[in-house]
Amino acid sequence: MEYADIAERVGEARAAGAPLSIRGGGSKEFIGRTPQGEAFDVSSCRGIVDYDPSELVISARCGTPLTELEALLAEHGQMLPFEAPVYAPDATIGGAVAAGLSGPRRPWTGSLRDFVLGAVCVDGRGELLRFGGRVMKNVAGYDLSRVMVGALGTLGVITEVSFKVLPAPRVERTRVFEFDEARAIEFLASAGVTPVPLSASCHLDGELYVRLSGSESGVRAGEEVLGGERVEQDDDLWRSLRNQTHPFFAGKLPTWRLSVPPAAPPLGLSGACLTEWGGALRWIRGDHDWEALQATLSTVGGTSTLFRNGDRGGEVFPAPDAVTRRLYTRLKESFDPDRILNPGRLYGDL
Amino acid sequence: MATFAPDTRIRSALAPGAIVDRLIPVVGEDHVLHRPEQLAPYECDGLSAYRSVPLAVVLPGSVEEVCEVMRVCSENGVPVVARGAGTGLSGGALPYEHGILLVLSRFNRILSIDPDNRLAVVQPGVRNLAISEAVSNLGLYYAPDPSSQIACSIGGNVAENAGGVHCLKYGLTVHNILALKVVTVDGELIEVGGPRLDSPGYDLLALMTGSEGLLGVVVEVTVRLLPKPASARALLASFDDVESAGRAVADIISAGVLPAGLEMMDNPSIRATEDFVHAGYPVDAAAILICELDGTAEEVDDQIVQVRDVLAKAGAAQVRLSNDEAERIRFWSGRKNAFPAVGRISPDYYCIDGTIPRRALGSILSEISRLSEEYGLAVANVFHAGDGNLHPLILYDANKPGEFERTETLGGRILEACVAAGGTITGEHGVGVEKINQMCVLFGDAELEQFHRVKAAFDPEGLLNPGKAVPTLARCAEFNAMHVHGGQVPFPDIERF
C-alpha cells in the first residue's frame, strides 16, 4: 500500500460521507472510545524508509511492526528510548504514535512524542502532508507531527514517522527495596535530585523496584549510592510493565491510568496501586466514580484516564474546559472538516 | 535597513489615539508608551536589520491585564505582537506598524520552585539563566541553554522553541517544559499541560511551543528541572581538514556515545575567537571539535577513553582534555563568544540557522565556501555538530550600499542548500520575518494551507503577530517566480530544452 492509496481511500470516504476507523496491527483497539466507522487497515503500508545509525534518525512507514524496527536498531546498538507498549507482535509504529504511549523509561529519557522528528500523514480531505523532517532540530512551521501523537488518528492517517533514536545502554540492572508506598515516593523524589542513572521504577505491595542503565562503572556506582538488593532476571518485570502483562493488569476490571506530579503523596484510593515513572504514573483497578476520582486528583495536580475495560461508549478521557474544547474542535475541523477520521475515538463529539 | 512587507493588510479599526485611550485604563498611564521617543527602543529585536514602529507599546503587569488588553484588541481588530527580552534573531518580535507591541518584561518573577517534583513555575519574562541560578543550590538546573541565555526570556524561548549547545542529549524547549498558561486572542486564559508528565487530549503544549506568538500569548511557564550531572568534562580536538572533523562527529555517535555537547568551529571562527577570549584554541587548525561528556564520574571516565580513541582514529592532530572546571569553561568560552568575536573582525555579521543531516556536513561546507566566493562575502562557521545545526556567520558592512541585500540573498541560498541536503531552514531561531521566503522552498502549498488553517483555529482574524512565520500562498508564488527570473534557475548547469 502506497501513501497515494491511503490518500485516495480517505478521499473516497469523504465523498461518500462514510467515516473510517483506521487500523494498524489492531493491538490497541481497546484504547480510547469504541471505534466507529468502516475499518481501514493500513498495516500493509510498511518498511523502513531511511536509517543511518550515525544520524541517530530512523524513518519508517506506518505499518512497520515496532518489533521489526526495534530489532534493526538493536543490531546497531541503538533503541527507541520511550519503550512504547507492544501488546501484540504486529503492533505498528503508526499505532504507537497515534496512541502516544510510553513505557518505563519515559521520565528519564523522554516520551514517544519527544522523539518524533517528523511525520507524513493524510488529512481528512485526502491530502498528503509532510511535517517536521529527518533532522534533530527543526522549528520551521507549527509542530504538527507532534500534534499527531496521542490524537488517536482523529487528525490524520499517519503514513510515515521519523524518530530520533539513542544509543542503547550497555548495562541495565535492577535493585529492590522493601518500602511502603509513601516511603517509595519519598525515596524516588530524593533519588531524582541526585545524578544517579535511573531508568525505571515500579512500586507494588511493599516492594520498590528500580532500574539503572548506563556503562558498567556508572551503574555500579549508582547501585552503591541507592543500596537495596540486586534482582536477577529483571527483564521480564520491565517487559511486563511496558506491555501491561503483569498480573496486576489481569482480568476485566476497569484499569485507570493516573498521571500525577511524581512526589504526590499516596492518593488513598481503594484497592491496590501500581506506581511507575518515579511516582508520576499510578495505576488502579476497579469501579471508581469518575468525578470523585478527578476531584481527588485535581488536589495534587493530576489527571485520570479510563485506560482499559469499563464503559468504552462513554467518555474515557476527562472533559477539557470550555475554551480548550472549542480549540480542540476547531483544530479537529482544520484537519478533518467532515469528521471522516476515527470519529468519536478521542471524545464523543470529535 | 531592510523593510518587511507583511502579507496581511490587517489594520486596527481604532485610530492610534483611541487605542491608547482604551488601554490606559487597563494597564495604567505609565505602561502605555506612545510618544516617538518611547517607541524607538522597541522598533527591532535581535535581528536589528529590520525595524518598524508600533502604534503603542503596552506593558501589562498581571495575567488579568493581559486578558483585558487582548479583549480590547480583539474587539477592535487591533493586531498584537508579543515580545519578551527581544533577543530573537529572526525578527519574531518585530513590531507591526498597524498594531500594538505587548511587552512581557514586567512578568519577571519565579513563582514557585518544587524540588521534589523537579519543576519551577515562572513568569514569561524571567531570563533563561536566572532559572538555573535560582535552583543551583538544590543541585538542579534548566537544561536548554541558548547562547543568549544571560538575556533571553523563557517566554521567548517557548515561542521560538529555543535550543542551545546541549540539545543532542537534553532536547529543546519543547522537551523541557511541562505546562503553559496562555491567553487566547479573545482574552481567555487556558492551561495547557500540567505539573505532570502527560495530559489527555490534543498536545497543545507541543503546538504552542515554537508557534512564534501566532497562536496565543504565554503568561506562565512550568519548566522541568534536571539534577546537575556529577561530572562534566570536555575534550578539545583539532583537525587539519574539515572533512575529518565531520567524520569524527559521526564516529563518536556511531560508537554509542551521546555527548552532552558536540560543537565544531572552522578556521575563521577559531582565529576570531582566539584573538578575542584566548581560549587556547590552535589557530592553525582547519577545524576544532569540542566534545563535552557528562554523567557520573565513572561514566564520564569511561566515555573519555572511548572518545579519545575515536578522535585519534579519525585523524585528530591534537586532543586535549579539560583537567578542571576552569579549563572546561575556558574550552567553552571561545564557542560561547564566537558571535561577538566575529563581530570584532567585521563591521557587521549575519547569523544563519540551517540544519542538515550530519552526513551532508562536508558537502554543505564546500557549498557555503563556493557561495561565499560567488557573493564576495566571507563566512565563518560555528556548528552544533552533534545535532546538525549550522550557524554560518556572514561578514559584511551595512554601510556599503547593497551589501546587506547581498548578504540576505547569500543567507537565503545557504538555507536553500540545507533544504536540498535533506535539512531545514531553521534549527532553533525561528522563521519570523527573516526566513519567510525560504518557507516556500521547504513546504508545499498543501502544508502551508494547513498551517493557515491551524492559525485560523486559534486566531480567526489573524491579529496575533501578523505576517510572520508562515507565508501566504500568494507570497510564495511571487517568490518562486522571482527566483527563476533572477537568473537563479536551480541546477543552471543542466542543459535545458
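## Notebook: a buried glutamine and its surroundings

I began at B:Gln450, which, with neighbours within four places in sequence left aside, is in contact (heavy atoms within 4.5 Å) with A:Asp123, A:Arg125, A:Leu129, A:Phe131, A:Leu144, A:Ser334 and A:Phe335. The model I am reading is predicted, so local features need pLDDT of at least 70 and side-chain atom pairs count only at pLDDT 80 or more, while totals for chains, interfaces and linings use all residues. Residues are numbered from 1 along each chain as its sequence is written, chains are lettered from A and ligands numbered from 1 in the order in which they are written, and side-chain values use heavy atoms, with hydrogens and water left out.

**Entry 1: B:Gln450**

I looked up where B:Gln450 sits and found it in helix H16 (residues 445-458) of chain B. Helices here are DSSP runs of H or I with at least four residues, strands are runs of E with at least two, and both are numbered from the N terminus. Is B:Gln450 buried or exposed? Its relative accessible area is 0%, so I noted it as buried. Buried means under 20% relative accessible area, exposed means over 50%, and partly exposed is in between, with a 1.4 Å probe and protein chains only.

**Entry 2: the disulfide**

I then searched for disulfides, that is, pairs of cysteine sulfur atoms within 2.5 Å. Over all chains the structure holds one. The pair is B:Cys440 and B:Cys476, with sulfur atoms 2.1 Å apart. Those two cysteines link distant parts of the chain: B:Cys440 is in helix H15 (residues 439-442) of chain B and B:Cys476 in helix H17 (residues 473-485) of chain B, 36 residues apart. Which hand does the disulfide of B:Cys440 and B:Cys476 have? The torsion about the S-S bond is about -80°, so I recorded the disulfide as left-handed. B:Cys440 is buried at a relative accessible area of 8%, and B:Cys476 is buried at 3%.

**Entry 3: two cysteines without a partner**

I checked B:Cys291 next and found it in no disulfide; the nearest cysteine sulfur, that of B:Cys167, is 15 Å away. B:Cys291 counts as buried, at 2% relative accessibility. For B:Cys351 the closest cysteine sulfur is in B:Cys418, at 12 Å, too far for a bond. B:Cys351 is buried too, with a relative accessible area of 10%.

**Entry 4: positive phi**

Most residues other than glycine have a negative phi. A:Asn342, not a glycine, has a positive phi of about 45°. I placed A:Asn342 in the segment after helix H11 (322-335) of chain A, and it counts as buried at 4% relative accessibility. B:Asn465 also has a positive phi, near 45°. B:Asn465 lies in the loop between H16 and H17 of chain B and counts as buried at 2% relative accessibility.

**Entry 5: helix H9 of chain B**

I listed the buried residues of helix H9 (residues 267-277) of chain B: B:Asn267, B:Ser269, B:Ile270, B:Ala272, B:Thr273 and B:Glu274. Their cover includes strand S13 (261-266), strand S14 (287-295), helix H11 (325-336), helix H12 (338-345) and strand S18 (379-384) of chain B. After H9(B) comes B:His278, with a positive phi near 50°.

**Entry 6: chain A as a whole**

I counted eleven helices and 17 strands in chain A. Its radius of gyration is 21 Å, close to the 20 Å that the globule rule gives for 350 residues, so chain A is as compact as a globular protein of that length. The radius is taken over C-alpha atoms, and the rule is 2.2 Å times the number of residues to the power 0.38. I noted a C-alpha trace spanning about 65 × 50 × 35 Å along the principal axes of chain A. Of its 350 residues, 63% count as buried.

**Entry 7: chain B as a whole**

Chain B has 17 helices and 19 strands. I read its radius of gyration as 23 Å, close to the 23 Å of the globule rule for 497 residues, so chain B is as compact as a globular protein of that length. Along the principal axes, the C-alpha atoms of chain B fill a box of roughly 70 × 70 × 45 Å. I found 62% of its 497 residues counted as buried.
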